[in-house]
Amino acid sequence: MDLSKVKNNEKLELCSWYFRAGFFGLPIVWFVNAVWFFNEAFRKPVYEEQRAIKRYVIFSGIGALIWSIVIGTWVYIFQSYRVAFGEFGDSISFVIPTGVP
Amino acid sequence: MDSHHDYYYVVTIYMDMFISDVMNRLKTNDKVSGVVVIVQKPHIPVEYSPDDVCDNSVENCNSTNAWNPKGNQFLYYDWPFPIFVADDILTITKITQCYNNFNLPFEKSSFSRPLCSLQIKSHMSAAVDSPTCLRRISQAGVSIYKYCDPMGDQNIILPMDTWNENTTRDVVIIAARLDTASMFDGLAPGAMTSVTSFVTTLAAAHIYSSIQSKIKDSDKSIVFMLLNGEAQDHIGSSRIVYDMEKGLFPSMTSFNITLKNIKYFFEISQIGDSPNIFMHPSVELYSDKIMEDFISVGRKYSMNWSLSSRKDLPPSSLRVFKKAHEPLPGLIISAYDKEYTNRYYNGLLDTSESLGYKYANGSITDQHILQKNIASLASTIASVLFTVISGSESPDNIPQEDIALMVDELLHCYLENKACKLMKEIITSKEEPAAKKAPLPLYVGVQPSLNPITTQTGLLLAYLTSKPINVSKENCTAGSNNNQFAYFWLNGEESNGLCINTTLKFTPAVSPAFLIPDYNWTSRLYSTWTESVWNDVSLEMFLKPSRRQEIITLACGIGTSILSVLVVYYINKNNKFVNIFSRPSPTVC
């Protein structure tokens, strides 16, 4: 969708929907929201809905950041300590690599 | 080896360099990514046994009083690289030629020219240990992937009598192991490790079956056993013991043999061409007359039987039986006294050549000491068995020449040519060209795929001990109603086919560890060996380009992709030339 062809109030609605959808454990939606509406929030000349959009963009961005830190940390822990977890490590693995512990 | 550059090596060594000292140095060098061992004369070591000095971690044994002093434990190393064996002349010539042509003289400047390289592929799927890999298989959710298989096969059991399923009777067991350990896929000749002993058992069974009819009545029976997976912590014997304890041996529907009913357990182990036979008795036999019988009957067949000078039992299946039932009277019959005389125990060089076997092909002469020796030994054992069962003297007229010829054929089958005359009388097998004649490997393998040697040897044992019956092929399938007999249709001497009626049984040789729920893997009670699954094992030889050429190729590749990006960008920008890229989209959002 080309945002330049969307009316300002529809933009706000879209942005807020994306923000709300992100609460259902969908950090990528927040990330998309932050990137997609970044220009609208910070680089477009001022318009009425911009303040609200800006707020959604910032919070979506923060949410996505927190999520990525959490996921990144977990991936690091899982990849480094899966073997040390032993049986538990295998039971939470979806695909166990062959030939290595 | 210079380690200042980032090249990795596949080390090619002759078999006589495949020793602990060399291999440990290669193991610790992280530039070594593979080893190819060349088996070619005259580079054959005088001794090579990849097993432990105390094989199957036998008790009362350490490096100072080892049973297998030649053992280098290679089988139990955690090798960080794959090891391949090249034993065919074509591969060896190609590798040496390629090396001589391109890699010599080998110095630092060599990296500026193309070098001959080997690429080894041998990815093993399993990791960690048996419990882990089996657990992973059982836990597998979406990806059903097999990491390893429990090792095992089948035991061959031949009771020489049948009896009512509700009664028990004493049995005398004559056992030998069927398998040999192997470090390399398809290379487990086991000439002295197992072939001579199970061939002795086959011959003894044949002789006993021919004189058995002279026994009128007896309350004891003979059972011949060929045990499988013995190299892997006694898979076969421990399973038999387990089944006996459960009252399920030899099978659920027929008569039972229990540990208490074993009158004697004789095990034949590692026979050579020496007429000196050593007896390793369990304490229960010290006061038994049976050993004197062996000595006196052996003398008749010009064999010199004597008591071993070592008191403890050698690594054997008997130890497994004794562990389960301490007062079991057992005897190990072997050609070694205090330690193995076999210099290649469980190794790939334990072949007909190292054994000194020459195929007599129909005419036994004074040269064929091995065949005659095994025939004498088998005759001695069969005669003593006759005496044990009947209580009377055994007949003297065992035709030594015929037995030696049969032993010769048997050894030929197991040591030189799997498509031999005797095997063809059992099953239809393809005649191999002379160059490809090879014995069947004796490695036990994994349980889902049976080793052809088991079935063939079982049928051979049945063939050598039973008389054909006059039944057509169609009717030669059913066993008798109480499952004591089985009918097998074999090829026969003229390939006309014949039906035999036998008491032969194949019983599972899979470790009880894989049957017992929640088995304690660290208890060391049963064998827990598994074998990793693998696919795509290959060895490729090619010329690796010089470093300069590699850099030029890479630079060209990067240059081309940058150029293509630029061209596309330019064309896109100047869409007056081509406007296909910026045509307005038909749907407007």
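This is a predicted model: local features need pLDDT of at least 70, side-chain atom pairs count only at pLDDT 80 or more; totals for chains, interfaces and linings use all residues.

Colleague: What are the helix and strand contents of residues 551-571 of chain B, and how far apart are the end C-alpha atoms?

Modeller: The UniProt record, an unreviewed entry, labels this span "transmembrane region". In the model, residues 551-571 of chain B are 100% helix and 0% strand, with end C-alpha atoms separated by 30 Å.

Colleague: Which residues of chain A does UniProt list as "transmembrane region", and what is the end C-alpha distance over residues 17-36 of chain A?

Modeller: The unreviewed entry lists residues 17-36 and 56-77 of chain A under that feature. Residues 56-77 of chain A are 100% helix and 0% strand, and their end C-alpha atoms are 31 Å apart. Residues 17-36 of chain A are 75% helix and 0% strand, with an end C-alpha distance of 13 Å.

Colleague: Where does UniProt place the "domain: Nicastrin small lobe", and what is the strand content of that span?

Modeller: The record, an unreviewed entry, assigns this domain to residues 6-126 of chain B. The end C-alpha atoms of residues 6-126 of chain B lie 29 Å apart. The span is 19% helix, and its strand content is 22%.

Colleague: Which residue in β2(B) is the bridge partner of I13(B)?

Modeller: β1(B) and β2 (residues 32-38) of chain B run parallel and are joined by six bridges. Within this pairing, I13(B) has as its bridge partner in β2(B) the residue V37(B).

Colleague: In the open sheet of β13, β14 and β15 of chain B, what is the strand order, and which strands are at the edges?

Modeller: The order is β13-β15-β14 (chain B), and the pairing is antiparallel. Each edge strand has a single partner strand, so one side of each is left without a neighbour in the sheet; the edge strands are β13 (468-469) and β14 (486-490) of chain B.

Colleague: Which residue of β15(B) stands opposite W489(B), and which helix lies across β14 and β15 of chain B?

Modeller: Five bridges join β14(B) to the antiparallel strand β15 (residues 498-502) of chain B. W489(B) stands opposite C499(B) in β15(B). The helix lying across β14 and β15 of chain B runs at about 90 degrees to β15(B), and is α12 (residues 452-465) of chain B.

Colleague: How much area do chain B and chain A bury between them?

Modeller: The contact takes 15 residues from chain B and 16 residues from chain A. Of the area buried between chain B and chain A, 53% is on carbon and sulfur atoms, and the total is about 1,100 Å².

Colleague: Which residue of chain B forms a salt bridge with D90(A), and which element supplies the largest share of the side of chain B that touches chain A?

Modeller: Two salt bridges are found across the interface of chain B and chain A. In one of them, the closest N and O atoms are 2.9 Å apart, and the partner of D90(A) is R136(B). β4 (115-124) and α3 (130-139) of chain B each supply at least two residues of the side of chain B that touches chain A. The largest share, four residues, comes from α3(B).

Colleague: Where in chain B is P105(B) found, and what is the omega of the peptide bond from L104(B) to P105(B)?

Modeller: P105(B) lies in the loop between α2 (89-102) and β4 of chain B. The bond from L104(B) to P105(B) is cis, with omega near -10 degrees.

Notes. Residues are numbered from 1 along each chain as its sequence is written. Chains are lettered from A and ligands numbered from 1 in the order in which they are written. Side-chain values use heavy atoms; hydrogens and water are left out. UniProt positions are given in the numbering used here, feature names are shortened, and annotations may be inferred rather than shown by experiment. Two strands pair if DSSP finds at least two bridges between them. Contact means heavy atoms within 4.5 Å. Axes are lines fitted to C-alpha atoms, for helices over the stretch in contact, and angles run from 0 to 180 degrees between N-to-C directions. Buried area is the accessible area (1.4 Å probe) that two parts lose on being put together, summed over both. A salt bridge is a side-chain nitrogen of Lys or Arg within 4 Å of a carboxyl oxygen of Asp or Glu.
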